[in-house]
Amino acid sequence: MDTYIVGNWKMNQNLSEIKSFFTEINAIPPKAGVHAWIAPQTMHLQHCLKTASVFLKIGSQNSSEHINGAFTGESSPTALKELGAYFTLVGHSERRSIYGETNETVAAKTKTALENDLIAIVCVGETLKQREANQTLQVVESQIAFLKEQGFSEKILVAYEPVWAIGTGLTASPEQAEEVHAFIRKTLADMWTEEQAAQTPLLYGGSVKPENVNELLAQSNINGALVGGASLIASKFKQLYQL
Ligand code: PGA
């Protein structure tokens, strides 16, 4: 399977930082079989679409479960698609913990994103408290349960991001990450078919950087990385997608 390196810029990067970022990487395409995607702030989407090389796919960090209407401050998936967004993150842990998104919201957002032809990267992961209480697999299972009803789509990717590893410098060990990834693969195979589960990219996220990406990607069920901090630095991001 191909490898996906997805940068999540969160609410970072100003226009001049974006300019120098793309100036540094625009001439350096990924290796064959590797895809490099970036999710900037929504208001920088259009600018990034104009500035980034075509090999870089640009997407959104969030997408509303509604396509239009009285939803102040939200971003419509039809508007994102119209603008040229290629994908959207759905249910990032910061959306869940800071903005109260539930598994139901995440299910609705995934459905509307797919209906509007956006690739959906569904983010899941346990908190430290849940891991310590041995609830990791149960939490992740509940977060992907909606995919049974949603059904298989080639436009679904799943990103496992243990909350305790996001932005903390702590990374799940390759074995810890692989255990959850293998569980996600099996759960998807039970909900869909084995072939469909096998062709669904599973990304790991949580303090991924050039120094640890190889050992993570060496695991049989890890097909890519969702990268926050290291994706803001052009030299690191290009190292990640050149691996
Ligand atoms: P991090 O963020 O790489 O800075 O830990 C990952 C994410 O939140 O997607």
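Predicted model: local features only at pLDDT ≥ 70, side-chain atom pairs only at ≥ 80, totals over all residues.
Which residues in H9 are buried? I started there, taking buried as under 20% relative accessible area, exposed as over 50% and partly exposed as in between, with a 1.4 Å probe and protein chains only. In H9 the buried ones are Pro174, Ala177, Glu178, Val180, His181, Phe183, Ile184, Arg185, Thr187, Leu188, Ala189 and Met191.

Residues are numbered from 1 along each chain as its sequence is written, and side-chain values use heavy atoms, with hydrogens and water left out.

**Helix H9.** I looked up its extent: H9 covers residues 174–191, 18 residues in total. Helices here are DSSP runs of H or I with at least four residues, strands are runs of E with at least two, and both are numbered from the N terminus. From first C-alpha to last, H9 reaches 25 Å, close to the 26 Å expected at 1.5 Å a residue; that expected span is 1.5 Å times one less than the number of residues.

**Cores.** I went on to the nonpolar cores, meaning sets of buried Ala, Val, Leu, Ile, Met, Phe, Trp, Tyr and Cys residues joined through side-chain atoms within 4.5 Å. The largest has 56 residues, and those touching the most other members are Phe22, Leu147, Val158, Ile184, Leu188, Tyr204 and Phe237. H9 supplies the largest share of this core, 6 residues. A second, separate core has 13 residues, including Val6, Leu89, Cys123 and Leu157.

I also checked Leu147 for contacts (heavy atoms within 4.5 Å). Beyond its neighbours within four places in sequence, Leu147 contacts Ile156, Val158, Leu188, Met191 and Trp192.

**Salt bridges.** I found 9 in the structure, each a side-chain nitrogen of Lys or Arg within 4 Å of a carboxyl oxygen of Asp or Glu. Lys81 pairs with Asp117, with closest N and O atoms 3.5 Å apart. Lys81 sits in helix H3 (residues 77–83) and Asp117 in the loop between helix H5 (103–115) and strand S5 (119–124), so this pair ties together parts 36 residues apart in sequence. Lys81 is partly exposed at 30% relative accessibility, and Asp117 is partly exposed at 36%. Lys81, Asp117 and Lys155 are linked in a salt-bridge network.

Where are Glu115 and Lys111? Both lie in helix H5, 4 residues apart, about one turn of the helix. Glu115 is exposed at 52%, whereas Lys111 is partly exposed at 44%.

Last entry: Glu101 and Arg95 meet in a salt bridge at 3.1 Å, N to O, and both residues are buried.
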